Every structure is written in C-alpha cells, then in structure tokens.
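Please work through the exercises below with the sequence and the model side by side, trying each task before reading its solution.

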Amino acid sequence: MPILSSYCPKIKIPHFSHKPALRFCLVKNSQKPECPNSLFPPANQSVAAIVFGDESSSHTKLYPLTKRRSEAAIPIAGNYRLIDAVVSNCINSDITKIYALTQFNSTSLNSHISRAYSGARLPKEGFVEVIAAYQSPEDNGWFQGSADAIRKCLWVLEEYPVTEYLVLPGHHLYKMDYQKIVDAHRRNEADITVSVFGRGEDGVDFGFGIFEINTENQVLEFRHNLEMNATPKSKSVNLGSMGIYVINRDVMIKLLTEYYPTVTDLKTQVIPGAISLGMKIHAYQFDGYWEDMRSIEAYYRASMETIRKTNKAYNFFDRDCPLYTLPRHLPPTLVTDAVIVDSVIGDGCFLSKCRIKGTVIGMKTRVGDNAVIEDSIIMGSDTYPHNGMNEGEANGIPIGIGEGSHIRKAIIDKNARIGKNVKIINKENVQEGNMEENGYIISGGIIVVIRNAVIPDGTIL
C-alpha cells in the first residue's frame, strides 16, 4: 500500500454556482481511480459511515420477517445477518468509523452489532457504534426519518473531524469497494455523490428513486418513479438510486441545520433539495450484484442464489473480502443418514434421516426423521437443542421440523415449531394470503411461517 501524505485539505464551503464540470464518463465499479490519492488523508481517518438499520416505518414489505426484528437483522445464508454485508464492506474498504442508527424492533440488531465486529480488521481508532433512537429534554420525539435521525445525532457524528459522510442502508446485499466512490467524489470535487445501479431501467425496482444523469456524470433531477416525467432530456439517462450517498461534512451540516432544518427524509427531501439549490452532485455507477431486499420475494430469491453456482450471486466465499459476523462458538452440524443436495447448512444443527435439497438451513436447526425440505429457508433456533429436543416445548411440539414433514418453497422463521407429518407445500398455489392468526402468511406464492409459530401435527398448508 503506498505511503499517503499527511496533508489534510481544508473543508470546502459548499459552492452552488453552475460552473462547467470536468468531463468524466460514469465511473464504474471495475475502474481504478485515475488520480492519485496522495492529496487526501486515508479513508479510515477522513470518512465516517452512517448505516441505517431499518426503513422509516415499522411495517415494511418484508413483514412478517420484521415483526420482531429490524430489516438489517434478518438472517441470510445460515450464519449471517444482512447488516454483516454492509459493515463488512466498510471494514474491507478501510472505512472503520461506523455509526449504526437504529430504531424499530432494534433489540436483536443492537445486540448483534455491539458484539459482532470486535474481531474484525478494525484498527485501534476504529469502531462500530450503535446510536439507538432516543428522547432528550430538547426533543422528546423519536427519529422521524433518515434526515431527522442524522440531524439529531450530529452532536455524536461531529466527534471526529472527518471530511465526508458515507450514508448506507443496512439491509442490502452487495459488495462494493467504498474507496472507489469516495475517490470519485473527491476527484469530481462534488458536494454529494450518489450511487446508481448500472442496469438502468432493466429489471430494477426503483424503491430509492431515479436520478437523471447527463454525459458529464452530473445529476440533473430526482424522481420517485418512472411515471413522473420519465423521459430524460437529450443525452441524459435515467438510473436507479441505491440509497448510497457520499456527502461532504460541511454540506451535510448546512443542509440539515440551515437549508432544511425541519425535513425528515434524506432520499425524498434533502437530496432533491440539494439539486434545487444547484449543488454539485455527481453519480457513481455500480455494476456488480445488488439486492435491496425490497420484498419477501426478493429476500427468497437472494437466499436461493446463495446456493447456486453462478457469478451473478453474492459471493459468501470471497477470501479477499471476508464477511464478518458474530462468532457463536457452536459445534459442527451433526448429520445422521441424511441426503443433502445443493444446500447451505449453518452450525450446530441436528439433521436425522431427512432429505434436504436446494435449501438454506440456519443455525441450531433440528430436522426429524423422514422429513423432506425443498427450495426453502429454515432460519433455525435461538435455543440450542439438547439431544435433538428443546426445553419448554409447546403442545408437545419441539422447536424445529417434525418427523415426516414436507416443506417446499417456504420460509420458516426462527423458533417455529413444525409438528409431525406437516405439509407446507402451498397445495392450492395461493399467491397472496394473510393467515397470521394461524401462524403464517403467503407472499408471492411463498409460505412464510412466523417466528415462534406452532404448526400442529398433520397440518396441510
């Protein structure tokens, strides 16, 4: 790694004049910076990441997986949580001042973050700090949105003299070298840099809105969706926002405290406001795998991709960019006369004389004799089974999958008790259904068994 100069540039006062920008094409993820970084301090000293643990509402499109947890705390690939991907991106990008802002159903997320990354490659001055929503004598309300949360936490965020803030959703699944977007931001002398998804309008959900970008890589306009005056101007293109922003520290403070002191949302209010003020906003085009987990179907698809041998999926086995999580110190999984094909198995499971195909099995899962599980996600248990059984059984049904049960294309949330000879196969091919009082819902044809639900012996879903 080259030795970096100790020269630290002065923080710029935001400039809002429409000066001609240097002509840069869209900067892609695969490109290396063309300008040397010696004029800037290293990112671990000059950039702080702000990670949001949830959306601005307690009821999301991932419900009921978010009934008792925030979006970023949802398990993925057996041993991990979604927040691990974003925090690991920061650590692997040498951005090691990380603040996690949490609010809704945040107990498990706060616990995970506070314990998970102490063994990661954090330098002495690095940290991952949870800032939970709070009330104070000056403000007795909770966080009203992303902008409101940052504004209320500025007194903490200003503790270190960083030059940029990197704002990140905490529940997306992707790998990005954040050094590259920071380099592009500095090279363009931008006030704000937004990350956009490279496939444009093809196959992308525009949940974070759309940016119209010209040939000079400048953002011209923000829209919530394609229906709002969707035709781009000549020689410009519409690209979907990823909800990732690099914002100069002084610009962030001015936007939140002077220009828009009462707005609550960064995506729909502050960023469009910055565009209207004439700030210099550039786009960084990301061309890798990205899943924003916008729905149950998206989460199911991303989970199924973890077991497929494809270059398009998220790589959980990347030695150069490891995925950090909470060490659980569990024993290896015990497999007895089971047939397992194309599946991911978490630690500490008991799999006995069962058949598992195309499935993600979470930690501490018990699967009984002659059970069949296909194309499903079993999130596992918080309670470690002793000799294949669990303490505190409900109605005689232990946590896990009972003997002779058949599960196909389903998501079984944590601590669910599936009785013997249960069939969770969506026999009637129902696409949408809310049977929460019976312990499950159906979304996009996928049956989701709710956390702690009890499905009696012989039930057919």
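Predicted model: local features only at pLDDT ≥ 70, side-chain atom pairs only at ≥ 80, totals over all residues.

Residues are numbered from 1 along each chain as its sequence is written, and side-chain values use heavy atoms, with hydrogens and water left out.

**Exercise 1. State the secondary structure content of the chain and the share of its residues that count as buried.**

Begin with the DSSP runs, where a helix is H or I over at least four residues and a strand is E over at least two, numbered from the N terminus. The chain has 9 helices and 32 strands.

**Exercise 2. Describe the pairing of strand 10 with strand 11.**

Strands pair if DSSP finds at least two bridges between them. Strand 10 (residues 210-214) and strand 11 (residues 219-223) are antiparallel, with 4 bridges, and E212 is placed opposite E221. In this hairpin 4 residues lie between the strands, and N217 has a positive phi near 70 degrees.

**Exercise 3. Give the strand order of the open sheet of 7 strands and identify its edges.**

The order reads 17-20-23-26-31-30-29, and the pairing is mixed. Strand 17 (344-345) and strand 29 (432-435) are the edges, each pairing on one side only. Within the sheet, strand 26 (residues 410-412) runs parallel to strand 31 (residues 446-449) through 3 bridges, and A410 faces I447 across this pair.

**Exercise 4. Is I131 buried or exposed, and which residues does I131 touch?**

Locate I131 in strand 6 (residues 127-132). I131 is buried because its relative accessible area is 8%. Leaving out residues up to four places away in sequence, its contacts (heavy atoms within 4.5 Å) are Y99, A100, L101, T102, F143, C153 and V156. Y99 is 32 residues away along the chain, yet the C-alpha atoms of I131 and Y99 are 6.8 Å apart.

**Exercise 5. Which residues touch the most other members of the largest nonpolar core?**

A nonpolar core is a set of buried Ala, Val, Leu, Ile, Met, Phe, Trp, Tyr and Cys residues joined through side-chain atoms within 4.5 Å. Among the 44 residues of the largest one, these are L101, I150, I192, V194 and F211. Another core, of 36 residues, lies apart from it and includes A49, Y178, Y284 and F286.

Note on methods:
Buried < 20%, exposed > 50% of the residue type's maximum accessible area, 1.4 Å probe, protein only.
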